[in-house]
Amino acid sequence: MLKLIIFGPPSAGKGTQAQRLSKDYGLPQVSTGDLLRDAVAKQTPLGVKIKSYLDTGKLGPDDLIVQLIKERVSKPDCSNGYLLDGFPRTMGQAVELDRMTAIDLVLNIVVDHESLVERAVGRRICRKCNAVYHVKFNQSKTAGVCDKCGGELIQRDDDKEQTVRNRLKVYQDQTAPLIEHFRKKGNIVDVDGSKGIEEVYSQMTRAIKALKK
Ligand SMILES: [Zn+2]
């Protein structure tokens, strides 16, 4: 049984790493965002309640979110463990989680915010085929033009500097107390997210191996 949590700022590659961990260790990836969308789409009793919150633009209260997670991790496919992604997000949720179960390891991807800003702000997307470029790290042959289809390369609103900075600030404010909480419990490992995908992944698998000893 292996119960993991993964934390990481937006655009730090958390999604990619989580998918790979999930596959290699056979752990279902339990993401609050997916569960919320799913419950709402299927109109489960919980989903109906949650929808009324989402409609007002608010995130559901902690007890609803925790209920959702509890239902998910009690399914048979989670009998060997699971990987929590996007949960807990508040101290209330973290406290509820402690009541529910003992987490083996929290993987905390740490990346300098300026480098995340640079990565995001330089990103360009082809308007036609969605190919991804970067003005510094992955340039197209002709500036502003897609190599594959000749389409126009644009910057998504999501990648505008102020938006990126705001998102990082929200993440920082939200997770700082949570990181502190797990730090006190002693089950968190910081992973240097400035490294390449492979190196980040092997830092994670090393941490998991150390756990099993
Ligand atoms: Zn294109």
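Let's start with the second largest pocket: helix 1 (14-25) and helix 8 (197-212) each supply at least two residues of its lining. By pocket I mean an open set of points on a 1 Å grid over the protein atoms alone, where a 1.4 Å probe fits, with protein on both sides within 12 Å along at least five of seven lines; lining residues have an atom within 4 Å of a point. Helices here are DSSP runs of H or I, at least four residues, and strands are runs of E, at least two, numbered from the N terminus.

A word on the source: this is a predicted model, where local features need pLDDT of at least 70, side-chain atom pairs count only at pLDDT 80 or more, and totals for chains, interfaces and linings use all residues. Residues are numbered from 1 along each chain as its sequence is written, and side-chain values use heavy atoms, leaving out hydrogens and water.

Back to our pocket. Its space is about 360 Å³, a volume filled by probe spheres set on grid points joined across faces, edges and corners. It has 17 lining residues, and Ser11, Ala12, Gly13, Lys14 and Arg119 are the closest to its centre. Helix 1 gives the most, four residues.

Now the largest pocket, with about 430 Å³ of space. Among its 19 lining residues, Gly8, Pro10, Arg89, Tyr171 and Gln174 lie closest to the centre. Which helix gives the most to this lining? That is helix 7, with five residues.

Next, the inside. A nonpolar core is a set of buried Ala, Val, Leu, Ile, Met, Phe, Trp, Tyr and Cys residues joined through side-chain atoms within 4.5 Å. Buried means under 20% relative accessible area, exposed over 50%, and partly exposed in between, with a 1.4 Å probe and protein chains only. The largest core has 28 residues, of which Ile5, Phe7, Val30 and Leu84 touch the most other members. Helix 4 (62-73) gives the most to this core, six residues. Apart from this core lies another, of 23 residues, including Leu27 and Tyr201.

Finally, please look at helix 2 (32-42). Its buried residues are Thr32, Leu35, Leu36, Ala39 and Val40. After helix 2 comes glutamine 43, with a positive phi near 55°.
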